[in-house]
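Please look over the structure shown here together with the briefing that follows it. The notes are grouped by topic for reading beside the sequence.

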Amino acid sequence: MALFGTGTPSAKIVSEAFPVFLGPFLRLTVAALALTPFLFIYRKQLSQISRQNWIKIVVIGGVGIVAFTLFLLYGMQRVNGVVGSVVMSLSPAAMATAAFIFMGDSLGWRKLLAITLAIAGVLVINVSGQSIQSSGWTLVLGSVLVFCAVASQTLYSILGKQMIRELSPVVALPLIVWVATLLFAGPGLYQATSFDFSEPSLNAWIALVVWGMGPLAIGTLIWFRGLSQISASTASGYMSAMPASALALSYLWLGDKFYPVHLVGFVLVFASIGLVTWAHRVKEASQEGKQSAADSNSCALPC
């Protein structure tokens, strides 16, 4: 999630230097090429992918990446960064709710408190010292579009969690990224025909590579690996690290203004991460205790 946070400042730079479809297409191409060697290394597993998992790969690529990108880009054209960040701060709650409804994950008081702290921390980070500039139907439509991006991201993680039970992330992710790349190829290449590639600065090209490698190629690979180790509701608590790292990088890269109250937001975010980690440890200890008790009982029974 900290790597996902690098996408916010880098996407801002790319969106200002490249057309709306060309930027994401180039970003996806960078990530796809970087991940392609995994397909050669694990090519024997490609023939073993079930039809159901192929469907999930296409849906994740189409909804989790393409739809997410379009919803976010068009939503952010109608609202400022404050509104967008506030809506995006619903990500931990959306992820935990979806995990509870669709995957049967339990939500104890520790996780609920962690999600509450995460949302509070993100709100403090993004709202303090700034103002909401949009109004009326523009504000409503922009907020709805950004929330659709949140829903797309949640679906991305839920389906990914289910898929990696049977398919390795190093095989699934390159295929997902190539699906998204091909879907963006048409409009992206069309805009490329009339674009002067000498115009973007070196900083813009660096941002393009960071946007492709940080949150997508490397970040998603680690995210899927983490999802294979813990429950989706536990993972939701770590999503608050994304806006926190995005803000920290915005200070250093974009020169955004620092507000002392942001420190309060950081404390709340890190407290939520610590709390959800504690909840995961408690669950692990409980499961180990039950397993030990079961082993003891089985040993006591006659063979």
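Helices (H or I, at least four residues) and strands (E, at least two) are DSSP runs, numbered from the N terminus. The model is a predicted one, in which local features need pLDDT of at least 70 and side-chain atom pairs count only at pLDDT 80 or more, while totals for chains, interfaces and linings use all residues. Residues are numbered from 1 along each chain as its sequence is written, and side-chain values use heavy atoms, with hydrogens and water left out.

**Overall fold**

- Of the 303 residues in the chain, 48% are buried, where buried means under 20% relative accessible area, exposed over 50% and partly exposed in between, with a 1.4 Å probe and protein chains only.
- Contact here means heavy atoms within 4.5 Å, and among the contacts in the chain with a separation of 6 or more, 91% are accounted for by residues 24 or more positions apart.

**Second largest pocket**

- A pocket is an open set of points, on a 1 Å grid over the protein atoms alone, with protein on both sides within 12 Å along at least five of seven lines, whereas a cavity is a set of points where a 1.4 Å probe fits but cannot get out; lining residues have an atom within 4 Å of a point.
- Grid points are joined across faces, edges and corners, and a volume is the space filled by probe spheres set on the points.
- The second largest pocket holds about 220 Å³ of space, and of the 14 residues that line it, Ile222, Trp223, Gly226, Ile230 and Tyr238 are the closest to its centre.
- At least two residues of this pocket's lining come from each of α9, α10 (232-236) and α12 (262-300), with α9 giving the largest share, 5 residues.
- By class, the lining of the second largest pocket has 8 nonpolar, 5 polar and 1 charged residues, where Ala, Val, Leu, Ile, Met, Phe, Trp, Tyr, Cys and Pro count as nonpolar, Asp, Glu, Lys and Arg as charged, and the others, Gly among them, as polar.

**Largest cavity**

- The structure holds 1 cavity of 30 Å³ or more, and about 40 Å³ of space lies in the largest cavity.
- The residues lining the largest cavity are Val14, Ser15, Phe18, Pro19, Val20, Gly23, Pro24, Leu73 and Trp211, and the elements that give two or more residues to this lining are α1 (7-17) and α2 (22-41).
- The lining of the largest cavity has 7 nonpolar, 2 polar and no charged residues.

**Aromatic pairs**

- Rings of Phe, Tyr and Trp (its six-membered ring) pair if their centres lie within 6.5 Å, and planes under 30 degrees apart count as stacked, over 60 as edge-to-face and the rest as tilted; by this rule the count comes to 6 aromatic pairs.
- The ring centres of Phe18 and Phe195 are 5.6 Å apart and their planes stand at 35 degrees, so this pair is tilted.
- The pair links distant parts of the chain, 177 residues apart, with Phe18 in the loop between α1 and α2 and Phe195 in the loop between α8 (169-192) and α9 (202-227); both Phe18 and Phe195 are buried.
- Phe21 and Phe184 form an aromatic pair that is tilted, at 6.2 Å centre to centre and 55 degrees between the planes.
- Because Phe21 lies in the loop between α1 and α2 and Phe184 in helix α8, this pair ties together parts that are 163 residues apart in sequence; Phe184 is buried, with a relative accessible area of 1%.
- Ring pairs also link Phe18, Phe195, Phe197 and Trp205 into a cluster.

**Buried positions in the helices**

- Leu26, found in helix α2, counts as buried at 17% relative accessibility and, not counting residues up to four places away in sequence, touches Phe18, Phe197, Trp205 and Leu208.
- Ser10, found in helix α1, counts as buried at 0% relative accessibility and, leaving aside neighbours within four places in sequence, is in contact with Ala207, Val210, Trp211 and Trp253.
- Ser152 lies in helix α7 (residues 136-163) and is buried, with a relative accessible area of 4%.
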